[in-house]
Structures are given as C-alpha cells and as structure tokens.
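I opened my notebook for this chain and went through it one topic at a time. Here is what I looked up, in the order I wrote it down.

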Amino acid sequence: MKKLAIILILAVTAASASMARTAKEEIDEHIELAGNQYYAYPTPDTTHYTKAPKGYKPFYISTYQRHGSRFLLGKKDYTKPQEVLHKADSLGTLTETGRLVMQVVDTLECIARNRYGELTPLGFRQHADVARRMYHNFPEVFKGHKRIDARSTNVIRCVLSMMSECYTLKGCNPQLEIHTDASVADLYYMNNGASSKPNPLHKLESGKEFKEALEKAKTELIKPDRIIGELFTEYDENVMPLAKRRFYSMLYELAISMQNLDFHEELLPLFTLDECYNSWLYSNYFWYNNCGFSPVTKYAKPYAHEALLRNIMDTADTIITRGGDAATLRFGHDGILLPLAALMHIDNCAYVAKNMDDLAEHWRSYTMFPMACNIQIIFFKTKKASDPVLVKIMLNEKESKLPIDAINGVYYEWDKVKAYWTDTVLAAKPKFE
C-alpha cells in the first residue's frame with residue numbers, strides 16, 4: 001500500500017496544474033472533439049521536434065497503435081435508431097426535421113450494412129499517413145535493408161491498419177523486410193481480456209459502485225427532451241422501440257461518429273454545443289473510470305495491461321542487446337492504448353482525481369485516444385557502447401513527458417525509464433482477486 005500511495009502522489013503532482021483552456025472552450029471551437037473515442041485522428045501540427053543530444057541517432061521504434069477510423073460496432077447501432085424513426089413515421093408523429101433525419105439515418109444504415117466494426121477508407125489512410133510521417137521523422141531507423149516486426153490482434157480493422165502502415169513503409173523503402181502476424185497467441189498482451197483467461201482486474205467495471213456512478217452521471221448529463229421535441233410531435237415510450245434517453249444516445253453516437261466516413265451529410269448540427277459537451281463529459285467520465293487511475297475502480301484498471309508494458313520493455317532490451325528489428329509495430333484497440341498510456345505515466349494520462357466534478361479540467365480522453373491513436377517510443381544511441389541508450393516517447397506523434405528526470409526536455413535514459421516502470425509503477429500494483 002505504501003508503494004501504491006507513492007505512485008498516486010507522483011501522478012497527482014504530474015497533473016496538478018489545470019490545462020490552459022477549458023474542455024468546453026476546446027469542444028465549442030472544434031466540435032469533433034466531443035466524439036472522444038470516435039474523434040477522427042487529427043493531422044499533427046508538429047513540424048519541429050526537439051533535437052537529440054549530440055551524437056545520438058535513432059535506431060529502433062516500438063509502438064502500440066489503435067486501429068484507424070471504423071464503422072460502429074454492431075448492426076443495432078444503425079438499425080435501432082432507424083426503427084424508432086420509421087415507427088414514428090408510420091404513426092404520423094415525425095416532424096419535418098424528423099423526416100430529414102430519417103433519410104440520413106437510412107443512408108448511413110445502407111453504407112454500414114455488413115461492415116460493422118470494420119475499417120473505413122479514412123481509417124486506412126490515417127495509418128498510411130502515420131507510417132509516412134514516421135519514416136520521414138526517423139529515416140535512420142528505416143534506411144537500407146532492415147527488418148520490421150508488425151503484429152495485430154486478430155480483428156480485421158486492426159489487421160488492415162497494420163497492412164496500411166506496412167504497405168506504406170515498403171513503398172518508402174522497398175528494401176525493408178516486413179514480418180506481419182495476427183494471432184490469438186499474442187492476445188494475452190496485445191488485447192488483454194480477449195484471451196481464454198481474462199485478467200481479474202477487468203471485473204472492476206462490472207462492480208456495483210461503477211455501475212451506480214455511471215447511471216448517476218448519465219441521469220445528470222444526458223437530457224433528451226429538446227431533441228425529442230425537434231424530431232417527434234409525440235413520443236410514447238410504451239410504443240416506441242427505445243426509451244427516450246437510449247434513442248438520444250444512439251442518435252448522438254451516429255452523429256458524432258460520421259466524421260470517420262467519407263460522407264458529406266451531417267447529423268451533428270441537431271445537437272447544441274452544450275448537449276455535445278455534456279455527452280462528452282459522460283463519455284470522459286466513463287473512460288476515466290474504465291481505463292484510468294480512478295478511485296471508483298480502486299486505482300487498478302491500468303494494471304490489467306502489465307503484460308503489454310513488459311513486452312515493450314523486454315522486446316526493446318532484446319533489440320538493444322542482440323540487435324535485430326528496426327521497429328516493432330503493434331496494432332490493437334482504444335481500450336488497451338488508453339490504460340497503457342496511464343500505466344506508462346505519459347503526460348497527465350495517469351491523473352488521479354480527488355474530485356470527479358473537475359475531472360474534465362485535468363483529464364481529457366480526446367487528447368489520448370482518437371481513431372488511429374498511437375504511442376511511439378523512439379530509441380537513440382551513439383557510436384560509443386558505453387553511452388546510455390535514450391528514448392523519446394510520443395503520444396499521437398507529439399513529444400510527451402514522464403515524471404522522471406529528462407535530458408534536453410524530452411529524452412530519457414532507457415534504463416531509468418525501465419526502472420521507473422518496473423520498480424515504481426508495476427511494483428505498486430494493488431492486489432485484486
């Protein structure tokens with residue numbers, strides 16, 4: 001317990017200052033941010049990176065990346081809101097706005113049919129662009145005849161994201177030897193909880209405290225009546241296929257996720273800025289409790305991904321000691337990358353909330369896990385074997401910081417990073433059975 005207290009104090013200290021702008025201001029200016037996990041990956045505005053210390057050159061890259069933009073996961077995500085609108089139409093209770101919305105939802109359902117959860121064309125392009133920038137930013141890593149090990153979960157959107165990056169890198173340098181794999185054998189660390197023996201830490205999100213907290217937040221934040229009044233002349237919950245709040249939430253999910261499609265109609269203008277912000281607040285609250293160091297889930301959820309962090313460390317040590325691959329590229333999911341970023345203590349991802357009411361001013365998940373989000377660890381060395389290996393960590397291609405001493409702002413000694421993750425972070429893992 002003492003070690004756990006130390007790690008939580010470090011996390012609070014690292015994120016103690018409020019962000020310069022409020023989340024409300026950011027979302028009002030760029031409404032797509034309210035999509036949270038549906039936010040389409042933004043092109044990084046970084047054109048200049050901090051120069052490595054004298055004599056240091058990049059030689060290895062290790063990543064974990066979320067798949068690119070996708071369709072919604074299930075058939076009912078499209079057909080249930082559609083059923084509501086068609087039911088109202090048959091009853092004569094749709095407004096003119098409601099009929100226009102029904103036409104857009106019908107088109108969305110047609111576009112998405114039998115593609116549920118699959119990568120969209122935008123998602124494929126996102127990873128091609130990430131690979132292209134990676135090659136441009138760190139050309140020394142990919143120069144000449146080099147080998148790359150790329151691994152994906154066995155979910156098709158992740159496999160295609162992997163192939164997009166690999167095709168792009170091969171196009172940049174035809175000499176690259178790229179090994180790809182997508183096996184159940186790797187799920188124990190690539191997608192923990194999808195294996196035959198789930199980690200018991202995942203039970204926390206099904207606990208009574210978590211469910212009650214989410215229901216309370218939903219009741220306070222999700223107010224469907226205005227939208228219901230815009231679309232229907234009346235809405236009898238005893239007759240309609242969905243309750244008001246459920247229909248509202250599903251329609252909002254359709255609207256906010258449309259940014260991931262090459263589709264020019266919009267549903268998002270139906271919602272006010274305040275409604276979008278409140279929906280984001282609820283989503284942010286959910287993801288924090290499900291993936292972050294939240295008191296609601298006993299500060300434990302990030303530890304479910306210990307195997308992935310250890311794989312990153314062990315694989316890197318093998319490369320450093322024996323040589324080998326120029327890059328290890330891993331492709332998976334948002335529910336893995338977000339807690340991994342917290343476990344690694346990247347920037348303020350490991351924030352520990354004392355007061356959930358101001359969570360949004362300290363922890364904003366849209367900065368962490370948009371579609372195609374990625375953690376890149378870039379390894380640097382000199383020609384002298386006695387010089388320490390350095391690393392730079394980037395979250396979504398932005399230079400990030402750890403709560404340990406840095407060299408030149410964003411470069412860290414690899415041995416000290418490992419020691420921090422192993423002896424401070426992982427050593428504080430709470431017991432949970």
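**Ground rules**

I count a contact when heavy atoms lie within 4.5 Å. Helices (H or I, at least four residues) and strands (E, at least two) are DSSP runs that I number from the N terminus. Buried means under 20% relative accessible area, exposed over 50%, and partly exposed in between, with a 1.4 Å probe and protein chains only. This is a predicted model, where local features need pLDDT of at least 70 and side-chain atom pairs count only at pLDDT 80 or more, while totals for chains, interfaces and linings use all residues. Residues are numbered from 1 along each chain as its sequence is written, and side-chain values use heavy atoms, with hydrogens and water left out.

**Entry 1: the whole chain**

I found 15 helices and eight strands in the chain. The radius of gyration is 23 Å, close to the 22 Å of the globule rule for 433 residues, so the chain is as compact as a globular protein of that length. I took the radius over C-alpha atoms, and the rule is 2.2 Å times the number of residues to the power 0.38. The C-alpha trace spans about 80 × 50 × 45 Å along its principal axes.

Next I looked at burial: 54% of the 433 residues count as buried. The chain exposes about 19,300 Å², and carbon and sulfur atoms supply 51% of that area. The areas come from the Shrake-Rupley method with a 1.4 Å probe.

Among contacts between residues at least 6 apart in sequence, 79% join residues at least 24 apart. For charge, I noted 53 positive and 53 negative side chains, with the centres of the two sets 7 Å apart. Lys and Arg count as positive and Asp and Glu as negative, leaving out His and the chain ends; each charge is placed at NZ of Lys, CZ of Arg, CG of Asp or CD of Glu.

**Entry 2: helix α4**

The expected span is 1.5 Å times one less than the number of residues.

Which residues of α4 are buried? I listed G98, V101, M102, V104, V105, L108, E109 and A112. An α-helix has 3.6 residues a turn, so residues three or four places apart point the same way. The cover over the buried residues of α4 includes α3 (76-91), α10 (225-231) and α11 (244-257). Just after α4, N114 takes a positive phi of about 65°.

H345 has a phi near 60°, positive in a residue other than glycine. I located H345 in the loop between α14 (334-344) and β5 (374-381). Is H345 buried or exposed? H345 is buried, at a relative accessible area of 2%.

N396 is not a glycine either, yet its phi is positive, at about 55°. N396 sits in the loop between β6 (390-395) and β7 (398-399), and at 8% relative accessibility N396 counts as buried.

The 19 residues of α12 (residues 273-291) should span 27 Å, and the end C-alpha atoms are 26 Å apart, which agrees. I marked α12 as mostly covered, with 14 of its 19 residues buried.

C276 lies in α12 and is buried, with a relative accessible area of 1%. What does C276 touch, not counting residues up to four places away in sequence? I noted I31, A34, Y252, L268 and F271.
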